[in-house]
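Notebook open, viewer open. I'm jotting down what I look up as I go.

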Amino acid sequence: MSALPPFPGAGYPDASLLAPAQDVGAKQKRTRKVKSTKVVDGIEQEVEIEVEDSGGPEWGPRESLKVLDKELQRVDGPVKVSGRATYTHDVRVPGMAWARLLLAPVASLKVARLDFSACKAVKGYLGHEVIEAEETRWLGQPIAAVAAETSEAAEDCLRAIVFEWEARPSVLDREAALKPDAPQVSRRGNQGKPAVRGDEAKARAAIEGAPHKVSATYVVPVVHHACLETHGAVVDWRGGEEAVVHCSSQHTFGFAGDAAEVLGLKKGNVVGLVEHMGGGFGSKFGFGQEGEAAARLSKALRRPVHLMLTRKDEFRMAGNRSGSHIEASAGMDAAGRLVGFAARAHKHGGIGDGSLSGLPYIYKCAESWSEISGVRTNLDASRAMRAPGHPQASFATESLIDELAYAAGLDLLEVRKANLDDQVWHRQLERVAREVGWFEHPHRARPGSAKDELCVGIGFAISRWGGGGGPSCEVEVAIERDGSVVSSVGSQDLGTGVRTYVAAIPAEELGLPLSAVVARIGSTRLGNANGSGGSVTTASLAPAVKHAAWNARQAFAEVLAPLLGCQPPDVVFADGAVQAASGGRKLSWKQACAALPEAGLRAKGAWQAHLQANGVHGAQAAKVEVDTLTGRVRVLHMACMQDVGLCLNRAATRSQINGGMVQALGYALFEERVVDAALGIQLNPCFEDYKLPHSLEIPKMTVVLDDEDRRAPIGMSEAPIVPGGAAIANAIHNACGARIRSLPCTPDKVLAALGKVS
Amino acid sequence: MSGHDARPEPDAHDSASTTAGVGAQLSPSRRDLMRTSASAAAAGLVAPAVLGSHAAHSSQSTAPSSETLSGEIEIELSINGAKQRLKVEPRTTLLDALRNRANPPLTGSKLVCDRGNCGACSMIVGGKLVYGCLQLAVDARGKEVRTVEGLQRGDELSAVQRAFCEKDASMCGFCTPGFVMAITHCLENHPKADLERIKAACAGNLCRCGTQPHVFEAALSVAKGGAQ
């Protein structure tokens, strides 16, 4: 059947329904207080805010959902599996120059000579920019940038720079930094102001009076984000008032503003694009020095410049997760309750301050005290990395809990429950315990013996995260006369699945299959969106998409009601068709859309507090096999149970949880930045020396989504990376009695803990 | 202390490493040749003379020969079934040739480590799974080069590609083309591969997002005929 002719005079939506979100809410104004998450430098803080409640869109009962909460295929899956997805690395613009950076090879240096004459003679040389001509104070600080006609020529130019330098005094580790006569890393000194919580005297007294006590030092190394797509940008400015900038970034609207500043253009005249991006994990918020260098070169050359870091440069200048040194003591009573906890902790964030979550992590304690400060070194600043500060705090706390439980002869699972009021963790711990075979496990209250060659052990740990959102996203849902539906917002997809739910939410609202909706994201030409960090994206963006889709549906219902002989609220959108609730004439989606005016229908959406929630829980169990002859650890099984509120896409959520566990496995067993003790040269700036887990090391993995609480969507991607490292270290101890208090748990440390090597 | 850009050159790692499942047939000497040409250029001598190999014309032999290549030269490659002439330098890797010099650029294979550590540039050359960053473009002459762009027929994804979509085997997706090629090669040679073989087949591929469990599921679903 051909498209219906629009009914004269009845085909045009009420303009008020197409107006921005707040107008809809204004009709029935009510407010409520909600917990939200505010992100400062990638680190979330929980705040309570009063918000207007529109009384409009609702997610509805889960049982009624047709698209959301299901196993969805990513809408960008086909372009990713076929190589057609364009990442910043892949941008090719006519006339594009290729650029490289020269970095400080040591922690701190004085430039003795920086001579570009040979560089200029290289065939293909186009230009260079000096970034630092005098002295540097952190490993990997950029000295200069060069641009050339080809990537090979850019490499030649880089090698032809005559760069001579003298090493300056530097401090490279905590011990050196804290010496009274240590060289000063910054004017603020080598140690940050301590953050103190609790009463030290009371905490120490409580520990002293406890029947079981443990004092130990837990050390976690600096590790790298290791995004497979390195940092960088393609800056396309060829003169004039406007520029287009592609950047591998977690904040499309953020870097575009930075680029405008460097280029001397108005922010509104710079288009920022992040079509696809190859991982960020917290390290890709700003334009960065690499982006600035690209912009300066583009400005000087008046042509597009492609500057992506090499892998080696990525390791040296593109961020890391801060390390920690945590001296902790704790006491436990006979019932397994923590009665006292005291910790003095240092964060190793290079020239930055690093991050460390509050101690003890999650578990309640009658009397606790902690003093946390950053210790600065001449290494590059740490950046936010997936759940900043949480895995470090988890490792120290969960290790201590196990050590105390063994001292008290108590079951490792029961001890945890004894220190947690929230029943969500109880059920999650019990479930993951069952998944890995805990209840059949022979040693649940004391470690196994290393007299066996191969020992199997189990460990536990838990996590939490805020994951609430805030008002930042502006979404548009457009319905065209030909039936196409476009959901658009400038937000970026880091691989979490944002693009898919930007399409899935309108599909659900309009009764369409996912394939009927196109998602457009990753551009400052589209509606504003926040940076993706601290798991704030879903709770910020999903409500705005829902609201836009709901507004579109309301407006469309106004158009369709006269055709269907009913009132607008009685128009039902389901199964790719529209019909009055009472039945009667049924229009296919295409037929219905033909009733729209030439311009189609456009509706905006903004954040709705009641469409998101805050606060996720997670528990993980790890089962490992330790070879007590070689010290090698093999993870056999990891299980995670995680609540996420309403799950927008179960397949992508499982992927995120798997990813958290795989990263935690690397944290537990392999990853550590190594710099030489004299000059601070990084010794492992490549993947054969900085080891990531590979397929042969991936254990059996079990993901259980906790659907019990029927809350709205919550950002969840931080939580799964938190507990795995501690769970694996605990499992090693449980297997054979080797307590490793310094990550990663390498074979030499296992053998040392077993007393087999010194 | 002073130095002339004393960046530590990890020479010790420069020998071509092959990882389980990745049959990169590259002798260390070729990597040396690449380095020789680069350092010659660095000294301002921009006419790198590189010993190439007639053996490149035969898909089997890798015996050195007396062919001398220098400067920018035009070569013909057979890429995904189509002949293409492109200008390369003797030191240009096959990966760079495809990404930067082919027309249109074939950017599906990713540059991640540029030293054979990560598998993001996995492609099938002369029937063998190789790392494109460890192959010289001139050595691919006379061999069929298959990249991720060549797997689908028209708009139809291959069975492996479809399975990756169905099992959510990509997140950020930057490693995905390499995994797709490694699994494709594995299943072409071992259509009934089990989990152990599949894991070994992609042991030379790194993924930071942690997609491996779903990659295994995708591969197994094809091996069992699930995605046919």
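First, a term I need: a residue is buried if 20 or more other C-beta atoms lie within 10 Å of its own, exposed if 12 or fewer, and partly exposed in between, with C-beta atoms placed from the backbone. Helices (H or I, at least four residues) and strands (E, at least two) are DSSP runs, numbered from the N terminus.

Ground rules. This is a predicted model, where local features need pLDDT of at least 70, side-chain atom pairs count only at pLDDT 80 or more, and totals for chains, interfaces and linings use all residues. Residues are numbered from 1 along each chain as its sequence is written, and chains are lettered from A and ligands numbered from 1 in the order in which they are written.

**Entry 1: confidence.** I checked pLDDT, the predictor's confidence in each residue, from 0 to 100. Chain B has a mean of 79, with 70% of its residues at 70 or more. Over residues 1-63 of chain B, pLDDT stays under 50. The model's ipTM is 0.93 and its pTM is 0.89.

**Entry 2: helix H3 of chain B.** I looked at residues 159-166: six of the eight are buried, so this helix is largely enclosed by the rest of the structure. The buried ones are B:Val160, B:Gln161, B:Arg162, B:Ala163, B:Phe164 and B:Cys165. What do they pack against? I found helix H3 (77-81) of chain A, plus helix H4 (176-189) and helix H6 (212-223) of chain B. Just after H3(B), B:Asp168 has a positive phi of about 55 degrees.

**Entry 3: where the chains touch.** I counted contacts (C-beta atoms, placed from the backbone, within 7 Å). In chain A, 61 residues are in contact with 66 residues of chain B. H17(A) gives the most to chain A's side, with eight residues.

Entry 4: Strand E12 (residues 243-247) and strand E13 (residues 270-273) of chain A run parallel, joined by four bridges. I noted one pair: A:Val244 has A:Val271 as its bridge partner.

Entry 5: Most residues other than glycine have a negative phi, and most peptide bonds are trans. I found a cis bond from A:Leu743 to A:Pro744, omega near -5 degrees, and another joining B:Asn103 and B:Pro104, omega about 0 degrees. A:Phe281 has a positive phi near 55 degrees. Is A:Phe281 buried or exposed? It counts as buried because it has 27 C-beta neighbours inside 10 Å. A:Asp575 has a phi near 50 degrees, and with 14 such neighbours A:Asp575 counts as partly exposed.

Note on methods:
Two residues are in contact if their C-beta atoms, placed from the backbone, lie within 7 Å. Two strands pair if DSSP finds at least two bridges between them.
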